[in-house]
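Work through the exercises below with the sequence and the 3D view open. Try each task before reading its solution.

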Amino acid sequence: MAFPYNEIVLEHFRNPRNVGTIENPDGKATEGSPACGDMVSVYINVEPETKKITDVKFESYGCASNIATGSIITELSKGKTIDEAKKITWKEASEALGGLPPIKAHCSVLAIEGLRSAILNYEEKHGLVTSKEATTEEVVRKRLKRVMNPMKGLDMVATNLVKSVEVKDGVIRVVVDLPEDHQFAATIKEEAKERLENLWDIKEVNIDFVK
Amino acid sequence: MTIKAVYMDNAAATRLDEEVLEAMMPCYFENYAVATSEFGYSQGLEAREILADARTRLAASLGAEPGEFIFTSGSTESSNLALKGVAKALGDKKGKHIIISSIEDFPVLHSARALEKQGFNVDYLEVDEYGLINTEQLAELLTDQTILVSIQHSNQEIGTIQDIETIGRLCREKKVLFHTDATHTFTRVPLDVGKIPVDLITVSAHTIHGPKGIGGLYIRKGTQIAKIMDGGYQEFDLRAGAENIPGAVGFARAVDLVSDEENARLKEMRDKIIELILAKIPHVTLNGHPEKRVPQNANITFHYVEGESITLHLDMYGIAVSTGSACFSRSLEASHVIMGIGGDHERAHGSIRFTLGRYNNMEEVVHIVDTMAKIVGNLRLISPLGKEGGV
């Protein structure tokens, strides 16, 4: 029988490793959104001296490849330094799983992004972002591309929800092309804020809605 | 008795009934001739009679005349012929406006889209939270340019039954042709063309324990429709190609074998699935109408978990069902039906369709619900959402 998943993938799907949360983690991130499809949360603890990942946990609201990739990246990243862990690619994760169907790349890449974002979250919280690139409108838009528009299942930039972006004196102001009382206004606001507030040169993030 | 495998995807395909196969066998080994013209040889003439008999019985099951029923290769072809055939016959003569619902199955939906590219105007009627169209809205959209309305009898995913009597009446008043895709209601929900003003009906054998590769299209006498596939003059010159006589015979036999008792039994199992899941598993939503639904369909969203993960776990228990999750589909698109009833991606993501058939029993129903409870509970334990659902 031509089953789409190999035994390693199925094994990780059935018995995912390192599932759960870490209380007060050093870094955490969620990729995807429940409204658009798959979603994965990654939590890490980092040893401050060596910068090694001492603990990593994940949670998944996704399909088999999303769960299996979440599981394998916890195994691949544990014990590695954050710089090493950042470099783990989808290809490496897929190879460690003995190969994933290419059509499933979009579900499984979320786990990789989750790990990278959790590390970035740690770095930002601990003032470790080395490339001190000044936050510009470009940077903000790039980050907002990670915020999903639940109505479309695509990001808020691609679906023209971002009406305007302004960066001035460490304050970001984003205007979202939705009324304030819209069903998804609160979720979008929260997600957008989370993506922006840890930028090293930003003191304040305002997400506003159109009248 | 230990339960080995449970198949509950009968909307996709059904197990063939042995009696159907028995009826078909002589058409493969005894008289395997094609139906010849009335001047043919004996076997061809006999084949012609066998085909005519199957046609008469199928037409009668819809209250129609034999001359109003043609055989096709299945629902997809029937609906293609209905939409494109009417468009071809009336597009230049009468108008280029077609109305369908937004939750039609792909043969109707994609035929309509293909016609749009050829210059036809298509209105896609929105549906309410149960999947029902608004008949008042339909009435407002009908114009003297409208050539066809195509609204399914019931939905392929959520099982909602449309009020085709009212729809048919509205179309009749405006002299607009009305097609309904009855793939999932044929023999399960009464449909009599003497009572309901419908001009074209798509039916298929594969959903009622008949053979795959045979379907039919009811075409009311006098309906303007053109053939869309070129070849011979078979099927009243509306569908070219050597007739699938074994299929036609099997189809007619499959229809005979469906009984009111069976439909009542399916409904009992359907209600049990819904009742047990709603009682045993928290955070679930029934998709479709609570009463206006076909007896064999239950569709439920299990929140905070994803459909492909559920079906893959179920598969390890030998259980076959389907899901509206994008991860399960060939196009990576979430179910247009769940989205159409006002659901979001989240609702489609965890939706599971159970469709019952002749070979399911109550023991399997209980087993499937218990297994679902276990799987959904475990998946919720690893989900960042809905923690309280774990078992």
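**Exercise 1: a serine in a loop**

Ser154(B) is found in the loop between β5 (146-150) and α6 (164-173) of chain B, where helices (H or I, at least four residues) and strands (E, at least two) are DSSP runs numbered from the N terminus. This is a predicted model: local features need pLDDT of at least 70, side-chain atom pairs count only at pLDDT 80 or more, and totals for chains, interfaces and linings use all residues. Residues are numbered from 1 along each chain as its sequence is written, chains are lettered from A and ligands numbered from 1 in the order in which they are written, and side-chain values use heavy atoms, with hydrogens and water left out.

Task: decide whether Ser154(B) is buried or exposed, and list its contacts beyond four places in sequence.

Solution. 
- Step 1. Recall the cut-offs: buried means under 20% relative accessible area, exposed over 50%, partly exposed in between (1.4 Å probe, protein chains only).
- Step 2. Ser154(B) has 2% relative accessibility, so it counts as buried.
- Step 3. Contact means heavy atoms within 4.5 Å. With neighbours within four places set aside, Ser154(B) touches Gly159(B), Thr160(B), Ile161(B), Asp181(B), His184(B), Thr185(B) and Val294(B).

**Exercise 2: an isoleucine in a loop**

Task: place Ile103(B) in the chain and describe its surroundings.

Solution. 
- Step 1. Ile103(B) lies in the loop between β3 (97-101) and α4 (106-117) of chain B.
- Step 2. Its relative accessible area is 0%, so Ile103(B) is buried.
- Step 3. Leu125(B) is 22 residues from Ile103(B) in sequence and 8.5 Å away in space, C-alpha to C-alpha.
- Step 4. Beyond four places in sequence, the contacts of Ile103(B) include Val127(B), Gln152(B), Asn155(B) and His336(B).

**Exercise 3: aromatic pairs**

Task: find how many aromatic pairs there are over all chains.

Solution. 
- Step 1. A pair of aromatic rings is described by the distance of the centres and the angle of the planes. Rings of Phe, Tyr and Trp (its six-membered ring) pair if their centres lie within 6.5 Å; planes under 30 degrees apart count as stacked, over 60 as edge-to-face and the rest as tilted.
- Step 2. This rule gives two aromatic pairs over all chains.
- Step 3. The ring centres of Phe69(B) and Phe71(B) are 5.4 Å apart and the planes stand at 80°, so this pair is edge-to-face. Both Phe69(B) and Phe71(B) are buried.
- Step 4. Phe186(B) and Phe251(B) also form an edge-to-face pair, with 5.9 Å centre to centre and 80° between the planes. This pair links distant parts of the chain, 65 residues apart: Phe186(B) is in the loop between β6 (177-181) and β7 (200-204) of chain B, and Phe251(B) is in helix α8 (residues 245-257) of chain B.
- Step 5. Phe186(B) is buried at 4% relative accessible area, and Phe251(B) is buried at 0%.
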